Amino acid sequence: MPAAPHSTPAAGSQPLYLIPGATGGPASAAAAEAPPAAGPRTVAEVLEQARIEPVLQELDRDLVGLAPVKQRIRDMAALLVIDRLRRAQDLSAAAPSLHMSFTGNPGTGKTTVAMRMAEILHRLGYVRKGHLVAVTRDDLVGQYIGHTAPKTREVLKKAMGGVLFIDEAYYLYRPENERDYGQEAIEILLQVMENQRDDLVVILAGYKDRMERFFRSNPGMSSRIAHHLDFPDYSPSELLSIAGKLLAEQDYRFGPAAEAAFARYLERRIVQPHFANARSVRNALERARLRQASRLFADAERAYTREELSTVAAEDILASRVFGTEPPSDLAPTEETP
Ligand SMILES: Nc1ncnc2c1ncn2[C@@H]1O[C@H](COP(=O)(O)OP(=O)(O)O)[C@@H](O)[C@H]1O
Ligand SMILES: [Mg+2]
């Protein structure tokens, strides 16, 4: 394995494939093999070559809120762009450490941002393929002796050239269980994170407090993670903007009074069990769409306008159980788990 990252960013012709949990990425474009005529000298040249600015702008535009996360990503992009300029002038070429932790409650955008991150790293030439492989403990750790190493290595093989996203990574470490196979997975990960860091970026994700505890018990892992990004909960108004965006993405919108109804829905939902930020918004809209469809379905003779077909009405929101008389715990079984 060469010590330097792949020196040429993806050429302009290459499409992007970013599939959560994908088992592989696109083959590197042949163009990526061509050596650059002369190294870049300016930030603008690197940005232009790597086509990085559109990704950053898209991140700003598509994702509501997350100001501190977006700033950290810009800072990391700056670090990598300058690293490329340094390389072009033969300054110290140790591969920068890019492993990260993303901490925050469920539905705060960690997986979504990880996919964008994979894209940025790919465009800047730090990973060959730029795909994201999302796993949890069960994908890495076996049930029986001898099963863990092959399982972990298989996942690492799939993730090579991209980003390995380990959700709820702290479950790998179970101190209460003396002979837990998770430790074996951790040791393999540590090795690869060190020796193959020019070809694989690992992102550990999960709740902040559990992750901190995990790092305190696993100094080896802690020392390999250079970047810690914290994802705050969304404010009610951010959740409302997210709702608007999610609807628009699918050619829906709130009708008169529906947005106000959804704001009232959120007020109630936020304090209930298993509230999961943007994911709960997505699920609530999914249910509102079902109700809208039933409402329209009921009139079999009517020719609906585009407007009617794309409008979620206040009544589609207000029919939610959140407004009903059942105790809040009734929601739990049908709701997302964290
Ligand atoms: N800031 C945001 N703006 C718009 N949509 C978002 C935002 N954050 C999350 N989402 C949406 O919410 C859902 C859950 O996000 P996800 O990234 O899976 O959260 P996490 O990995 O933290 O649990 C996704 O469908 C995503 O598109
Ligand atoms: Mg997630």
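**Exercise 1. Confidence**

Over which residues does the pLDDT stay under 50, with 19 contacts beyond four places in sequence? Then judge the chain as a whole.

*Solution.* Start with the ground rules. This is a predicted model, where local features need pLDDT of at least 70, side-chain atom pairs count only at pLDDT 80 or more, and totals for chains, interfaces and linings use all residues. Residues are numbered from 1 along each chain as its sequence is written, while chains are lettered from A and ligands numbered from 1 in the order in which they are written.

Step 1. Two residues are in contact if their C-beta atoms, placed from the backbone, lie within 7 Å.

Step 2. The stretch asked for is residues 327–338.

Step 3. Take the chain average: a pLDDT of 87, with 85% of the residues at 70 or above, that is, scoring at least 70. Residues 1–32 fall below 50, and this stretch has 71 contacts in the model beyond near neighbours in sequence.

Step 4. Draw the consequence: where pLDDT is low, the predicted coordinates should not be read in detail.

**Exercise 2. Overall make-up and cores**

Count the secondary structure elements of the protein chain, then locate its nonpolar cores.

*Solution.* Step 1. Helices (H or I, at least four residues) and strands (E, at least two) are DSSP runs, numbered from the N terminus. The protein chain has 14 helices and seven strands.

Step 1. Apply the burial rule: a residue is buried if 20 or more other C-beta atoms lie within 10 Å of its own, exposed if 12 or fewer, and partly exposed in between, with C-beta atoms placed from the backbone. Of the 338 residues in the protein chain, 35% are buried.

Step 2. Check the range of the contacts. Among those with a separation of 6 or more, 79% join residues 24 or more positions apart.

Step 3. Find the cores. A nonpolar core is a set of buried Ala, Val, Leu, Ile, Met, Phe, Trp, Tyr and Cys residues joined through C-beta atoms within 7 Å. The largest has 57 residues, and those with the most contacts inside it are Ala114, Leu121, Val163, Phe165, Val202 and Ile203. A second, separate core has 20 residues, including Leu240 and Tyr265.

Step 4. Zoom in on Val163. Leaving out residues up to four places away in sequence, Val163 touches Ala114, Met117, Ala118, Leu121, Val127, Leu132, Val201 and Ile203.

**Exercise 3. Strand S4**

Describe the strand partners of S4 and the cover on its faces.

*Solution.* Step 1. Two strands pair if DSSP finds at least two bridges between them. S1 (residues 100–104) is joined to S4 by four bridges, and the two run parallel. S3 (residues 163–167) is joined to S4 by five bridges, also in parallel.

Step 1. Pick one residue. Ala205 in S4 is the bridge partner of Phe102, and Asp167 stands opposite Ala205 as well.

Step 2. Read the cover. S4 spans residues 201–206, and six of its six residues are buried. Val201, Ile203 and Ala205 are on one side; Val202, Leu204 and Gly206 are on the other.

Step 3. S3, helix H7 (residues 182–195) and S4 make a right-handed β-α-β unit. Right-handed means that, with the strands pointing away from the viewer, the path from the first strand over the helix to the second runs clockwise.

**Exercise 4. Helix H8**

Why do the buried residues of H8 line one face of the helix?

*Solution.* Step 1. In H8 (residues 208–217), Met211, Phe214 and Phe215 are buried.

Step 1. Seen down the axis of H8, its buried residues fall within an arc of 95°, so they line one face. The arc is that of the directions from the helix axis to the C-beta atoms.

Step 2. Recall the geometry: an α-helix has 3.6 residues a turn, so residues three or four places apart point the same way.

Step 3. Turn to the other side of H8, where Asp209, Arg216 and Ser217 are exposed. The cover over the buried residues of H8 includes S1, S4 and helix H9 (219–224).

Methods:
pLDDT is the predictor's confidence in each residue, from 0 to 100.
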